[in-house]
Every structure is written in structure tokens, then in C-alpha cells.
Amino acid sequence: MARALLALGDNLQAEATCPICLELFSQPVLTECGHSFCRPCLLAVLGTPPRPGPCPQCRATVAPDSLRPNRSLAAVAGLAEALGEEARQPRCPTHGEALGLFCQSCRRPLCPLCREGAPHRDHRVLPAEEAARELRETIQTNLVFLQKEKKEFKPQGEKQSDGLLEKVALEKKRLRDTFKELRQFLQEQEGLLLAQLDQAHGDLTKERGQYVSSISERKSLLDTLVVKMEKKRDQPVVEFLMDIDKILSSCEEAKAPIPEPVSLELQRTVRNLSEMSQLVVGAVGKFKVNLLRETDRERVKVTLDPETASPYLIVSKDRKTVRLGDGQGKLLDTPKRFTGSPSVLGCQGFTAGRHYWELEVGDGDSWAVGVASESVRRKDSLTMAMGKIWALRRDWNRQYTALHMPPTPLALKEEPRRIRVHLDYEAGQVTFYNVENMTEILQFKASFTEKVFPYFWLWSQESYIQLCA
């Protein structure tokens, strides 16, 4: 029956079609020769202004003032258009009936005959309009979520992998440098550790590739889903419901958590290898330091001078450690004492030669170490005295500064805990080293014309400065 109606509709549309524009009649008019055309189409044929011309079908003369509206044909065209719209509605592929229902259990549109069939008889079925209204809300909720996810989709897992890869590469270099010095004795251990690091590097690279691939797939899925759902949201009811199950299933897939960028086991492996590497490097470093300590003639014994210490500082009895106090100490204000900044000098000054001393600064901040001229301003603030000071400072925000005029920010890859301050008076150089690996941190160029002293500044009760023996 439905197919027969569709065939009749096709015939009706053919009869209600203008022979000029081949579309359904719009404002049809009837000529004296008995043919009908859309008024705009026929007037276009007759020209501007309209003048008598041949009929497009029989070539009989058509006078513009002889055209009569064909209201019956206009009504037929309207019916044909309505029937065509109905015919264009999606229909059940099995029964040919309009899909006006929706099975919530199966998530698919149904026709009335499907509703009575065994697969759907006991299922909850809603009118298509009502089901579409409910599911549009679900789609909208999912769309908002996915749009937000797409906007905020900035995974940071690669940074973790890159950091571990950089750390592995660094440990490889440090191990190579260390084993090169003691290769004959440590060759077996070097090969073993490097092989393990290479394996960790390969595993990290593999897991990183898998992670990058997974987030790329997720991003692609999100892009595709958002486009599909934006399009789906505005579709007519039945088209909207046609593949709703697939769309919603894809939504659930897009919500699944992204795999971890690096497995816990591999993180533990890298951490263990790093710790083992640190042990080896540390042992060799101690050997080097001890050897240099026995043969180095430039090392000097530095102690703190309490007579120069700010009232805010507390100097230990052995004069090797300084901490920040509460400023309540009653100290005699002499020309030598710092009162404008929490500073203290070393006891011994230098007017020639090459000398160095080492100190520990711990994990705290707000400290500075270096050298200062004897004429440094002691009653003014650190800013006013800076022209006579050459020091390395760690600020309250854990940033490092080359402390002189003008002060210059530093970007250090490592945070030194034990520092060597080396003074070359004749060359006018003050150089700072990280004792852990003897890498240079900073070097000042100066022209000394008076005695210079070891200089220390401290402005944090959580910090300390301790001179090493």
C-alpha cells in the first residue's frame, strides 16, 4: 500500500511540474492554447516588458494580457509538494512504513508494524518526537562535555617522559665521564649500567610513542565526534535517531581515561638506575675531592668575624656557621659592624694571590656568598653596598642572581648545596663552583685596589651558611 501511494505521488508530482523550470508549479497561469506554466517562468520567456511570444509547448502565440491564474493547478502543486515531503521521510526498510516510533531498548527507529513484532513487543517504545526530545538533551549534555574536553585537552604526559629521557641521557654522560677516569677498575660496572640505561631509554621511547599515539587518536576522535554531534544535533527527527546508538557509544569511548604516559615499573627502574648512578659518581667525586684537599695549596681556612656580624645574625662559637636571629641581640655598634643589612665578613682578608674556600648553604633560600671590599658600606642597605660586593645570591623565590652592580638574574640547571668561592686577586676574578661536580657557576671580572674579605649575607630563618673544614 505504501509503495503504491509513493508511485501515485510521483505521478502527481510529474503532472504538477512546470515544463520550463521542471519544478512544482509556483503561481501557475493558463494560456489561451490550454497550457500551464509558472507565471515567473513564462514572463521570463515573453521578455521585459512582456510582449506576445510563442508558447513554449505548442508555439501558438501567447499574449501577456491573456494569461489567467490556474488556481486548481496551484492547489494540486501544493498537494504534490506535501506528498513529496511525506515520501522523502525515512521509511522502514522491511515494511515501507514511516518510522514514527523509537525503541529505547534497541536505540533504533521503528514503524508501527515493527512495534508489533517479537523483537520489540516487550520493549519500551516512545513516539519519535518524544524520544528525539529526550535524546537531544543527552546529546547536548555530551556535546558540552566533549567541547570542554576538546578545549582543555592539553595532556602533559610527554613532559614527564621527556624529563625522564633527559635524565637518562644526563646520567649516561656523567657515567661515561666517571668511568673514563677509572675505566680499568670499573669497566664491567660501566657496561652493565649503560646497558640498563639504554634499555630504559628504549622502553621510555616506546611507551612515549604509544602514549603520543593514544592521545593523537583521542584528539582525532574528539574532533570527529564534535563535528558529527554538531551536525547530528540539528538533523530532522528520524535522521537524528537513525544512528544515535553509534554516536552515544562513541561518546562513551571518548570519555575513557587516557593511559599513563610512563608505567610505574619503568619509573621505578629509572629511579633505581639514577640512584645507582648517583652512588657511583658520588664515590668517585669524594675520591677526587679528598685527593685535591691533600695536594691543594690554594685552599684557605676561613672563619667568620663576629665583630662585623649584623645584630640580626647569630655566629656559632666555632665561627663556622651563621644563622638568622630575631635582631634582639645587644651588640656594640662599631664602624666594622653591618647594621644596614644582615651581613658578616670573614676574619682574613686578601691583597694578593689565589685563594679559595668552601661552604654549605643547605636547601634554604635568601642567602648570598662571595667577597666584599674592605670599604663596603656597612650602615646602608644591601642595594647601596652592592657596588663593593661580588656574590652569588639565592633569592626568596629560589631564583639565583649575580650580585653586583647591576644585579643580573642567572638560570642555573642545578641547585648547588656546597659551593667553592675562588679569588684570584691579581687577575681580578671571583669564580664560583658547584663542589659536587666542580662545574663553574659564575665568574666576576673586577679590578681590586684594596683588601677583600669573604662575604656572607642571610635573610631566612630556615637557611644557614656553614664553612667547610
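## Helices, strands and cores: a quick chat

Me: How many helices and strands does the protein have?
Reply: The protein has 11 helices and 21 strands. Both are DSSP runs numbered from the N terminus: helices are H or I with at least four residues, strands are E with at least two.

Me: Is it compact or spread out?
Reply: Spread out. Its radius of gyration is 44 Å, well over the 23 Å from the globule rule for 469 residues, so the protein is more spread out than a compact globule. That radius is taken over C-alpha atoms, and the rule is 2.2 Å times the number of residues to the power 0.38. The C-alpha trace spans about 125 × 60 × 45 Å along its principal axes.

Me: What kind of model am I looking at?
Reply: This is a predicted model, where local features need pLDDT of at least 70, side-chain atom pairs count only at pLDDT 80 or more, and totals for chains, interfaces and linings use all residues. Residues are numbered from 1 along each chain as its sequence is written, and side-chain values use heavy atoms, with hydrogens and water left out.

Me: How much of the protein is buried?
Reply: Buried residues make up 39% of the 469. Buried means under 20% relative accessible area, exposed over 50%, partly exposed in between, with a 1.4 Å probe and protein chains only.

Me: Which residues have the most contacts inside the largest nonpolar core?
Reply: Trp357, Leu359, Phe432 and Phe456, in a core of 35 residues. Another core, of 24 residues, lies apart from it; Phe102 and Met229 are among its members. A nonpolar core is a set of buried Ala, Val, Leu, Ile, Met, Phe, Trp, Tyr and Cys residues joined through side-chain atoms within 4.5 Å.

Me: Switching to strands. What joins β17 to β18?
Reply: 6 bridges, between residues 418-424 and 429-434, running antiparallel. Strands pair if DSSP finds at least two bridges between them. Isoleucine 419 has asparagine 434 in β18 as its bridge partner. Their hairpin has 4 residues between the strands, and glycine 428 there takes a positive phi near 65 degrees.

Me: And how many bridges join β18 to β19?
Reply: 6 again, and these strands run antiparallel; β19 covers residues 439-445. Valine 430 has phenylalanine 444 in β19 as its bridge partner. In the turn of this hairpin, methionine 438 has a positive phi of about 55 degrees.

Me: What order do the strands take in the open sheet?
Reply: The order is β11-β20-β13-β14-β15-β16, with antiparallel pairing. The edge strands are β11 (343-345) and β16 (408-410), each pairing on one side only.
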